[in-house]
Amino acid sequence: MGNRMNAGYLITDSIHIGTTELVLGVSITERSTFVTWACQGSDYYYWGHYHSDLLAAKKDLLERAGAELEYQMTKQERRTAGEIGEGA
């Protein structure tokens, strides 16, 4: 797989949670500019958080992934509870 780019940023890291992907990119022109995005379908990037520090960007990526994981787990728990309630 080749390098992924979006809006002048090289995607260097990604985390998949369900159908959502969270990515970290570094600017190809300004090496001290970083961004994290949510991504759908590997080419629709949205909800960018911009950083001037790599460690802050990595922390943001992990926090966003954790929040998405919590959301997906809550959604699954509600779905399971609904199925149990329907079977009673």
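# Close-up views of a predicted model

**View 1. The hairpin of E2 and E3.** Strands E2 and E3 form a hairpin with 2 residues between them, and Gly18 in the turn has a positive phi of about 60 degrees. The model is predicted: local features need pLDDT of at least 70, side-chain atom pairs count only at pLDDT 80 or more, and totals for chains, interfaces and linings use all residues. Residues are numbered from 1 along each chain as its sequence is written, and side-chain values use heavy atoms, with hydrogens and water left out. Helices (H or I, at least four residues) and strands (E, at least two) are DSSP runs, numbered from the N terminus. E2 and E3 run antiparallel and are joined by 8 bridges; two strands count as paired if DSSP finds at least two bridges between them. Within this pairing, His16 stands opposite Glu21 in E3, and Ile11 has Gly25 in E3 as its bridge partner.

View 2. Strands of a sheet pair through backbone hydrogen bonds, either parallel or antiparallel. Here 5 strands form an open sheet in the order E1-E2-E3-E4-E5, with antiparallel pairing. Strand E1 (5-6) and E5 stand at the edges with a single partner strand each, so one side of each is left without a neighbour in the sheet. E3 and E4 pair in the antiparallel sense over 6 bridges, and a hairpin joins these two strands through 6 residues. Gly25 stands opposite Val35 in E4.

**View 3. The two faces of strand E3.** Strand E3 (residues 20-27) is mostly covered, as 8 of its 8 residues are buried. Buried means under 20% relative accessible area, exposed over 50%, and partly exposed in between (1.4 Å probe, protein chains only). On one side of E3 are Thr20, Leu22, Leu24 and Val26, all buried.

View 4. A pair of aromatic rings is described by the distance of the centres and the angle of the planes. Rings of Phe, Tyr and Trp (its six-membered ring) pair if their centres lie within 6.5 Å; planes under 30 degrees apart count as stacked, over 60 as edge-to-face and the rest as tilted. The structure holds 5 aromatic pairs. In one of them, the ring centres of Tyr9 and Trp37 are 5.5 Å apart and the planes stand at 85 degrees, so the pair is edge-to-face. Tyr9 lies in strand E2 (residues 9-17) and Trp37 in strand E4 (residues 34-40), so the pair ties together parts that are 28 residues apart in sequence. Tyr9 counts as buried at 10% relative accessibility, and Trp37 counts as buried at 5%. The rings of Trp37 and Tyr50 have centres 6.4 Å apart and planes at 85 degrees, so this pair is edge-to-face. Trp37 lies in strand E4 and Tyr50 in strand E5 (residues 44-51), so the pair ties together parts that are 13 residues apart in sequence. Tyr50 is exposed, with a relative accessible area of 52%. Tyr9, Trp37, Tyr45 and Tyr50 form one aromatic cluster.

**View 5. A charge over a ring.** Arg64 lies over the face of Trp47, at 4.4 Å from the ring centre. A charge sits over a ring if NZ of Lys or CZ of Arg is within 6 Å of the ring centre and within 35 degrees of the ring normal.

**View 6. Salt bridges.** Side chains of opposite charge can pair when their charged atoms come close. A salt bridge is a side-chain nitrogen of Lys or Arg within 4 Å of a carboxyl oxygen of Asp or Glu, and the structure holds 3 salt bridges. In one of them, Arg4 pairs with Glu21, the closest N and O atoms being 2.8 Å apart. Arg4 lies in the segment before E1 and Glu21 in strand E3, so the pair ties together parts that are 17 residues apart in sequence. Both Arg4 and Glu21 are buried. Lys58 forms a salt bridge with Asp13, with the closest N and O atoms 3.7 Å apart. This pair links distant parts of the chain, Lys58 in helix H1 (residues 54-87) and Asp13 in strand E2, 45 residues apart. Lys58 is partly exposed at 31% relative accessible area, and Asp13 is partly exposed at 26%. Lys59 and Glu63 also meet in a salt bridge (3.8 Å, N to O).
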